[in-house]
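Subject: Structure handover

Hello,

Here is the structure you are taking over. My notes on it follow below.

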Amino acid sequence: MKTRLRILPNSNRDNYKRLDKKSTFSFRPRLRSVKSSWTNVTELSEDDHRRDEESDEDAIVTSNEITEVVICQDESLYYLGIEEYQNKRFEKAIDYLGQALKSNGNYHYLVLWSLLNIYIDLKQMEPDTMSHRRNAKRYFDKLRPHVSKLESPLKKSALALEYFVQRGEWRGAIELAKKMEASSSQIACFHYQRGIDANASTALSIECMSKCLALRPPVGLVVAAHGELIKLYAKSGNYTPALEHHEERLGHLKDKEDITKAYCEEGELYLALDDKESALVALEKGLKLKPTSKILLEAKADLLFFLDKVDESLALHEDRLSKAETPLEKSKCLYTMGRICHKSGRRKCAIEYYQRELQITQQTLGETHLECSRIFHDLAKIADEACEYDETICYLKQALEIEGWNLAQVKDKGHIECLMRETQKTIGKVHFKKGDFSLALKE
C-alpha cells in the first residue's frame, strides 16, 4: 500500500499547495495563531485517498513525489507577515511577525528587520506618534547586534540607512553605507555629522573630521570640515594645527565675505600665539579685499591699541563712528574709544567719549536705563583716579538712583540688589578716602 500524506490546516483549501518532485517545502499557511492552525500529519488508508481525490486532490501528496516536508512555524509566520506588509495590512503583519519573534529561531533577525521597516513606514504614512517612535527604536536596538547578518537588497538597506540618519546613529550609518558601497561623498558626510554631534568628544570629533577630509568630499564639505577642525584645535589650545587647517580652508573659499571672516579668525589665532604682528598682517590682507569690512576694521583698531599705537587705533574708531548708522553702533564706538583713552591715561578724552555715549544712551533708551548707570560708574572711576572725590560721589549717587528705580520695576530683584550694594560700598570707600569716616560707616 502506498503511503500518502495529507496536511490539514483548518480545511482552508486555498492554502494548499502541490509540492514539486524531490523538493523540500516549508508550508506557508495563512494563520492567525500557531496553536489553532496546525493539525497533525496523518497516515491515510487507500479508501481515504479515494474519497478525497476528487474534492481535495491538490492537498494530497504521495511519498514518491516528495522526499521531505519541513514544517517551520517561525518561517511560515515570517512569510505571512511579509505578505501582509507588502499588501499594506500593517496590523496583521505586526501580529504575525510578533508571533514569529517569540520563536527566536533562525529568522529572528529578519523578523526584527521587518518590524523595524514597518514602523519606519508607519512614521512616514501616519502622524508621527510617540508609539511609532518607541517601537521603531525598540526593534532597532534589538536588531543592531544582527546588522552584520543582513543580506538585504539595496532598497531595504537604504531604508535602514535612512533610519540610522533619522536617529543620528552616525556610526551605524557609516558601517551600512560602506556595506552598500555608497559614494565616498555620502560616507564623508556621515563622518562629518558624527564629528559635530554634541555628545562627541574633542578627540573623536577631530578623528571624524580627518576621515571626512581623507575621502575627498565636495568643496562645501571640505570647507566645513576644516572650519570644525580650526575650532576644535583652537579650543584645545593647539593653535599651530588650527592655522594649518585655516590655510587649507582659505584655498577653497570663493566668497569675499567668507574670506574676510577667515582672515579675522587668522588674526585671532595669531593673537592666541601672542604674535601680534602676524595678526595685523592677516587683518590687512582681509582689508585689501574688503576695505569697508566692519569686523576687520574693529579688529584692527583693537589690535593697534594692543601694539601701543593708540592714535592709529583712535583714528580708525573715529572713522567707524562717522560711518555708524544706528545709535547702538555709535554708542558702542564711543564706549570703546572711552576705554582706550582711559587705559592709556587720557582721562579728559575718556570723559568726553563717555559723556557722548551717555547722551546717546539717554536719548535712545531713556535716562533710567541701567546702561546709564554703567556709564556713571565709568565716569566715577576716572574721577576717583584723579582724586576728585566729590565728583566721584556725585556720579555714584546718580548710578544708585537709577538702580533704585529699576529695583522697583522688576520681579527678580537679586541682580539689581547686588548692584546697589556694590555702589553703596564704593560710595563708602570714597568717603573714607576723603576722611569722612562717619559717612563712610553709614554707607
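Met-337 has a relative accessible area of 0% in this predicted model, so Met-337 counts as buried, the cut-off being under 20%. Met-337 sits in helix α17, which covers residues 327-343. Leaving aside residues up to four places away in sequence, Met-337 touches Leu-314, His-317, Glu-318, Leu-321 and Tyr-353. Ala-350 lies 13 residues from Met-337 along the chain, and the C-alpha atoms of the two are separated by 7.2 Å.

Helix α17 also packs with helix α15 (residues 294-306), at an angle of about 15° and with the axes 11 Å apart. Angles under 35 degrees count as roughly parallel, so α15 is roughly parallel to α17. On the α15 side, the contact is made by Lys-294, Glu-298, Asp-302 and Phe-305. On the α17 side, Glu-329, Lys-332, Thr-336, Ile-340 and Lys-343 take part. By class, these residues are 2 nonpolar, 1 polar and 6 charged. The crossing of α15 and α17 is left-handed.

Helix α14 (residues 276-289) packs with α15 at an angle of about 155°, and their axes are 10 Å apart. Here the angle is over 145 degrees, which means that α14 is roughly antiparallel to α15. This crossing, too, is left-handed. From α14, the contact draws on Lys-276, Ala-279, Leu-280, Leu-283, Glu-284, Gly-286 and Leu-287. From α15, Leu-296, Leu-297, Ala-299, Lys-300, Leu-303, Leu-304 and Phe-306 contribute. The contact of α14 with α15 divides into 10 nonpolar, 1 polar and 3 charged residues.

After α8 comes Glu-181, with a positive phi near 60°. In helix α9, the buried residues are Ile-187, Ala-188, Phe-190, His-191, Tyr-192 and Gly-195.

Is Asn-406 buried or exposed? The relative accessible area of Asn-406 is 12%, so Asn-406 is buried, as this value is under 20%. Asn-406 belongs to helix α20, residues 389-407. Beyond residues up to four places away in sequence, Asn-406 touches Thr-368, Leu-370 and Ile-416.

For the chain as a whole, the secondary structure comes to 22 helices and 5 strands. The protein chain has 443 residues, and 42% of them are buried. Among contacts between residues at least 6 apart in sequence, 54% join residues at least 24 apart.

Regards

Notes. Residues are numbered from 1 along each chain as its sequence is written. This is a predicted model: local features need pLDDT of at least 70, side-chain atom pairs count only at pLDDT 80 or more; totals for chains, interfaces and linings use all residues. Side-chain values use heavy atoms; hydrogens and water are left out. Helices (H or I, at least four residues) and strands (E, at least two) are DSSP runs, numbered from the N terminus. Buried means under 20% relative accessible area, exposed over 50%, partly exposed in between (1.4 Å probe, protein chains only). Contact means heavy atoms within 4.5 Å. Axes are lines fitted to C-alpha atoms, for helices over the stretch in contact, and angles run from 0 to 180 degrees between N-to-C directions. Angles under 35 degrees count as roughly parallel, over 145 as roughly antiparallel, 65 to 115 as roughly perpendicular and the rest as oblique. A crossing is left-handed if the near helix is turned anticlockwise from the far one by less than a right angle, and right-handed if clockwise. Ala, Val, Leu, Ile, Met, Phe, Trp, Tyr, Cys and Pro count as nonpolar, Asp, Glu, Lys and Arg as charged, and the others, Gly among them, as polar.
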